[in-house]
Amino acid sequence: MTIPKRTVLRLRRLLWALITLACAATATACTSGDDRPDVVVTTNILGDVTREIVGDEADVTVLMKPGADPHSFGLSAVQAAELENADLVVFNGLGLEENVLRHVEAAGEAGVATLEVGQAVDPLTFRAPADGGPREDGQPDPHFWTDPDRMRTAAGLIADAVAENVDGADDKTVRRNAARYDGQLAALTVWMEKTFDRIPEDRRALVTNHHVFGYLADRFGFRVIGAVVPSGTTLASPSSSDLRSLTEAMREARARTVFADSSRPTRLADVLRDELAGPVEVVPLYSESLTARGGGADTYLRMMRANTAAITDGLTTH
């Protein structure tokens, strides 16, 4: 006799509740053991979008803390267990969560429904800009969220996955939440287009700390000149030849503004000033993680608006 998948998941949650009670008795940090459906999301960007769609219909557990690097963050034993006891796991994929993907795969093999969002939103591949291109040239680019239109597609896919796999979540409420959020994403796209229209065509050149804004460039008509780390991951390091290639490309494009992740702008400015032997303006952006509440980019919508304003100001005033 084959046991239905949802019955297996309920049994797993019951077992997890018993483990939680045992952990609580020994003051070990564990999750709550209620029987509410649970959606587990790997990155905090997708976590915010998922919470907008799910609302109060299920618990949403986000594994990645505010300000963390998706390329390097890892899981505790408790978080790994949460993955295997979820009704649905939503993850970015395309190699982004490098230390977490094996746990996601294990959850899928255990029968948990999983949604790899990046693979389903028509991903771009890394392309070679003027500095010689990312080391992953030709490989899929996981940073799709910098294009709000792709995030609209992603939000619809998340709503579909919740409706199909999260038993107990009211489908009409989830669809209503998704429709409301879709309208907000559509308004974001319009606002970004109007804001970027202030940038002259000859100044639409992006230099970043690593290759993370390819989707934004493709959607809104920017040229990617290069990156300090010619890679799609922050785990790589630039070589002296990488920096020479970048500075040559920047001189040719007359670019003196570099957009860097808000957690690492100072070191980047020092390196490029030495290489270019002149002033370089480093503008901080929120590239791969939301901030803590009140930090300026604590939701996806606020992150995109903050970055749009910063890019526009950086390319029109510097």
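Buried means under 20% relative accessible area, exposed means over 50%, and partly exposed sits in between (1.4 Å probe, protein chains only). This is a predicted model, where local features need pLDDT of at least 70 and side-chain atom pairs count only at pLDDT 80 or more, while totals for chains, interfaces and linings use all residues. Residues are numbered from 1 along each chain as its sequence is written, and side-chain values use heavy atoms, with hydrogens and water left out.

**Figure 1. Glu164 is an exposed residue in helix H5.** Helices (H or I, at least four residues) and strands (E, at least two) are DSSP runs, numbered from the N terminus. Glu164 belongs to H5, which covers residues 148-165. Its relative accessibility is 58%, so Glu164 counts as exposed. Have a look at Ala113 too: Glu164 and Ala113 are 51 residues apart in sequence, yet their C-alpha atoms are 9.4 Å apart in space.

**Figure 2. Helices H6 and H10 run roughly parallel.** H6 takes in residues 171-196 and H10 residues 300-317, and they pack at an angle of about 5° with their axes 10 Å apart. Axes here are lines fitted to C-alpha atoms, for helices over the stretch in contact, and angles run from 0 to 180 degrees between N-to-C directions. Angles under 35 degrees count as roughly parallel, over 145 as roughly antiparallel, 65 to 115 as roughly perpendicular, and the rest as oblique. Contact means heavy atoms within 4.5 Å. On the H6 side, the residues that meet H10 include Tyr181, Leu188, Trp191 and Phe196, and their partners in H10 include Tyr300, Met304, Arg305 and Ile311. By class, the residues of this contact split into twelve nonpolar, four polar and one charged. For that count, Ala, Val, Leu, Ile, Met, Phe, Trp, Tyr, Cys and Pro are nonpolar, Asp, Glu, Lys and Arg are charged, and the others, Gly among them, are polar.

Figure 3. H2 spans residues 44-54 and packs against H6 at about 125°, with the axes 7 Å apart. From H2 come Asp48, Val49, Glu52, Ile53 and Val54, while H6 supplies Val174, Asn177, Ala178, Arg180 and Tyr181. That gives six nonpolar, one polar and three charged residues in the contact.

**Figure 4. Helices H3 and H4 make a right-handed crossing.** A crossing is right-handed if the near helix is turned clockwise from the far one by less than a right angle, and left-handed if anticlockwise. H3 (residues 77-84) and H4 (residues 101-109) pack at about 35°, with their axes 8 Å apart. Ala80, Leu83 and Glu84 of H3 touch His103, Val104, Ala106 and Ala107 of H4. Sorted by class, the contact of H3 with H4 has five nonpolar residues, one polar and one charged.

**Figure 5. Leu94 and Asp122 each have a positive phi.** Most residues other than glycine have a negative phi. Leu94, not a glycine, has a phi of about 60°, and it sits in the loop between strand E3 (88-91) and H4. With a relative accessible area of 13%, Leu94 is buried. Asp122, also not a glycine, has a phi of about 55°, and its place is the loop between strand E4 (113-116) and H5. Asp122 is exposed, at a relative accessible area of 57%.
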